[in-house]
Amino acid sequence: MSTTDMIRFENVKKIYTGLDSKSADIVALHDVNLSIQKGEFVFVLGHSGAGKSTFLKLILREEKATEGRVFVNGRDLSRIRPREIPYLRRGLGVVFQDFRLIPSMTAYENVAFAMRVTNIPERQIKRRVPYVLSLVGLSGKAHSLPQELSGGEQQRIALARALVHSPPIIIADEPTGNIDPELSIEIMELLQAINSLGTTIVVVTHEHELAARFKKRTIMIDHGEVVDDGFAPHGREAAYL
């Protein structure tokens with residue numbers, strides 16, 4: 001494994017075993033080989049059921065590969081102990097489609113909570129949270145509750161929460177799924193700006209047009225296999241939407 005690889009899949013297969021003798025096994029990923037290097041911005045593209053969610057779950061160690069090996073930030077996830085998984089995930093900033101903000105907490109408190117659960121001293125929280133809110137352009141919304149924010153603003157808070165630990169890798173799972181197209185572009189431009197500072201960005205999405213617009217490396221997954229790896233090609237929208 002190269003020292004610059006942040007994520008690496010080596011001959012990875014993931015099979016979900018049938019619940020009973022009448023249920024067939026499901027091959028979610030088959031013979032996946034890829035690497036994502038430090039500082040890259042990568043789209044992982046595919047239709048619903050293509051294998052994107054399994055790809056993400058393997059990186060987060062929510063699932064284990066049936067065959068092959070997955071490396072994240074230099075760690076072989078086939079050998080990681082259960083008690084080490086929370087520490088692995090602290091090195092990953094994850095942004096979800098549904099934001100996952102705590103409704104009773106302000107924007108500031110939602111971001112600060114991500115630090116408090118890892119026992120970061122309060123003085124560091126008071127210094128770090130305003131800085132991260134300023135990075136996503138929401139300094140003036142620190143005391144607003146989620147329901148007082150627009151969808152785009154809520155997604156920015158979710159991004160701030162993912163950034164607050166300065167993770168080397170940000171993974172965005174359908175980050176534009178619940179916001180309108182104009183705000184989608186703003187979120188992607190913000191991720192691009194974060195990437196320019198050296199953070200590795202992985203965007204998991206079904207939105208082919210979004211990937212094509214930003215002209216980044218695009219890994220296409222279809223029926224559990226990587227069918228293309230490069231810049232988003234034109235003329236394939238129908239296969240992946």
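Helices (H or I, at least four residues) and strands (E, at least two) are taken as DSSP runs numbered from the N terminus. The model is predicted, so that local features require pLDDT of at least 70 and side-chain atom pairs count only at pLDDT 80 or more, whereas totals for chains, interfaces and linings use all residues. Residues are numbered from 1 along each chain as its sequence is written, and side-chain values use heavy atoms, with hydrogens and water left out.

Threonine 118 lies in the loop between helix 3 (107-116) and helix 4. With a relative accessibility of 17%, threonine 118 counts as buried (under 20% relative accessible area; 1.4 Å probe, protein chains only). Beyond its neighbours within four places in sequence, threonine 118 is in contact (heavy atoms within 4.5 Å) with Arg90 and His165.

The axes of helix 4 (residues 122-135) and helix 5 (residues 151-163) come within 9 Å and cross at roughly 135°; axes are lines fitted to C-alpha atoms over the stretch in contact, and angles run from 0 to 180 degrees between N-to-C directions. Arg128, Val132 and Leu133 of helix 4 make the contact with Ile157, Ala160 and Leu163 of helix 5.

Strand 1 (residues 5-16) and strand 4 (residues 67-72) run antiparallel and are joined by 5 bridges, with valine 72 as the bridge partner of isoleucine 7. Strand 4 also pairs (at least two bridges found by DSSP) with strand 5 (residues 75-76) in the antiparallel sense, over 2 bridges. In strand 5, arginine 75 is the bridge partner of valine 72. The hairpin of strand 4 and strand 5 has 2 residues between the strands, and asparagine 73 takes a positive phi near 50° there.

Note on methods:
Buried means under 20% relative accessible area, exposed over 50%, partly exposed in between (1.4 Å probe, protein chains only).
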